[in-house]
Amino acid sequence: MGKLLAICTSPRRGTVKTPVESARLTPEWGIEGDAHGGNWHRQVSLLSAEKIERFRKKVWVDYGAFGENLVVEGFDFAALPVPSRFAIGDVVLEMTQIGKECHNDCVIKQQTGECIMPREGVFARVLHGGTIRVGDEMTLLPPLENPPLRAAVITLSDKGSRGEREDESGPLIVGMLTAAGYRVEETLLLPDEAASLKANLIRLADGRQVNLILTTGGTGFSPRDITPEVTLSVADRNAPGIAEAMRYHSLSITPRGMLSRAASVLRGKTLIVNLPGSPKAVRENLAYILPSLEHGIRIAAGLDGECARK
């Protein structure tokens, strides 16, 4: 159990927040009057009071100095898994991400010399709203039984990212995952750039801790097709059987299936699989592997044993 030591808000993002005595939280929005409110996954930011006290031994900072909304005593948030859930009275928060990028122009870093939010702060969405007050107790709720597996979808396309081509493969993947019972947490449309893809693969696996990341595009022979190389560069372990199975299946449809360079790997507990770029090939390949993925994903997440129930 924890204790809410401070509630902090600000009208602009990336700025120091000001302590207030109470706040109203709105479901799927965040704290009313705070700049981070919105229909996204970083509605409320939380920071452990103990982490702030450790920083204060070097430089004194007031609560809100790191842009945190809630300062809570009694929890090491960064050590908890996503999506942990917390209750403060009637309010229920679901943790959605650990840490974030700290940009070079971060006002907080400029003022304090260091910003601990990128490694110690966490973010949450509001599942159930209500009013919270300084001094309220926060409790860690038990995990849900049989929660849906969480996924993210990344489309790699230079033309698509410039708005010159409609992304059909990404929405198709989202639809197939949703129909299979997955909860799709994020969809991204990126150019074929290694740095951007690498940063997002790491963020989704380490920060958002999704169970599955599916990419589409960038697996062919074009000089701009860099998806497999970037995917392998972030891997902790190889999982080649999935990509090999897709090539085997594609070869039963067309000899050009041998030209796919798709990779499949594990980063921590997250499975990353490269799919082709065309909607037809996406549908064929994903339909082939999807029934078998859940067992492997659940093993990686520690939710199933090697001999899973049928």
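Modeller: Two strands count as paired if DSSP finds at least two bridges between them. The model here is a predicted one.

Biologist: With that rule, what is the order of the 6 strands in the open sheet?

Modeller: The order is β13-β12-β14-β17-β16-β15, and the pairing is mixed.

Biologist: Which strands stand at the edges there?

Modeller: β13 (183-190) and β15 (237-238) do. Each has a single partner strand, so one side of each is left without a neighbour in the sheet.

Biologist: And β14 with β17, parallel or antiparallel?

Modeller: Parallel, over 5 bridges, with β14 covering residues 212-216 and β17 covering residues 270-275. As for a specific pair, isoleucine 213 has isoleucine 272 in β17 as its bridge partner.

Biologist: Switching to the sheet of 3 strands. What is the order in that one?

Modeller: β4-β3-β10, an open sheet with antiparallel pairing. Its edge strands are β4 (30-31) and β10 (130-133), and each pairs on one side only.

Biologist: How many bridges join β3 to β4?

Modeller: There are 2, with β3 spanning residues 22-26. Threonine 26 has glycine 30 in β4 as its bridge partner.

Biologist: Is histidine 36 buried or exposed?

Modeller: Buried, because its relative accessibility is 11% and the cut-off for buried is under 20%. The histidine 36 side chain also makes a polar contact with the side chain of lysine 17, at 3.3 Å.

Biologist: How many residues apart in sequence are aspartate 136 and serine 22?

Modeller: 114 in sequence, but 9.9 Å in space, C-alpha to C-alpha.

Biologist: Next, β9. How many of its residues are buried?

Modeller: 5 of the 7 in strand β9 (residues 122-128), so the strand is largely enclosed by the rest of the structure.

Biologist: Which way do β5 and β9 run, and how many bridges join them?

Modeller: β5 and β9 run antiparallel and are joined by 3 bridges. Leucine 46 stands opposite valine 122 in β9.

Biologist: What about β8 and β9, parallel or antiparallel?

Modeller: Antiparallel, over 6 bridges, with β8 at residues 91-98. There, glutamate 94 stands opposite arginine 125 in β9.

Biologist: Helix α6, then. What should its 14 residues span?

Modeller: At 1.5 Å a residue, helix α6 (residues 194-207) should span 20 Å. Its end C-alpha atoms are 19 Å apart, which agrees.

Biologist: Which α6 residues are buried?

Modeller: Leu197, Asn200, Leu201, Leu204, Ala205 and Gly207. An α-helix has 3.6 residues a turn, so residues three or four places apart point the same way. Following α6 is glutamine 209, with a positive phi near 55°.

Biologist: How many of the lining residues are nonpolar, polar and charged?

Modeller: The lining of the largest pocket has 15 nonpolar, 5 polar and 7 charged residues.

Methods
Residues numbered from 1 in each chain as written. Predicted model: local features only at pLDDT ≥ 70, side-chain atom pairs only at ≥ 80, totals over all residues. Heavy atoms only, no water. Helix = DSSP H or I, 4+ residues; strand = E, 2+ residues; numbered from the N terminus. Expected span 1.5 Å × (residues − 1). Buried < 20%, exposed > 50% of the residue type's maximum accessible area, 1.4 Å probe, protein only. Nonpolar A, V, L, I, M, F, W, Y, C, P; charged D, E, K, R; others polar. Polar contact = N/O pair within 3.5 Å; in protein donor to acceptor, adjacent residues only side chain to side chain.
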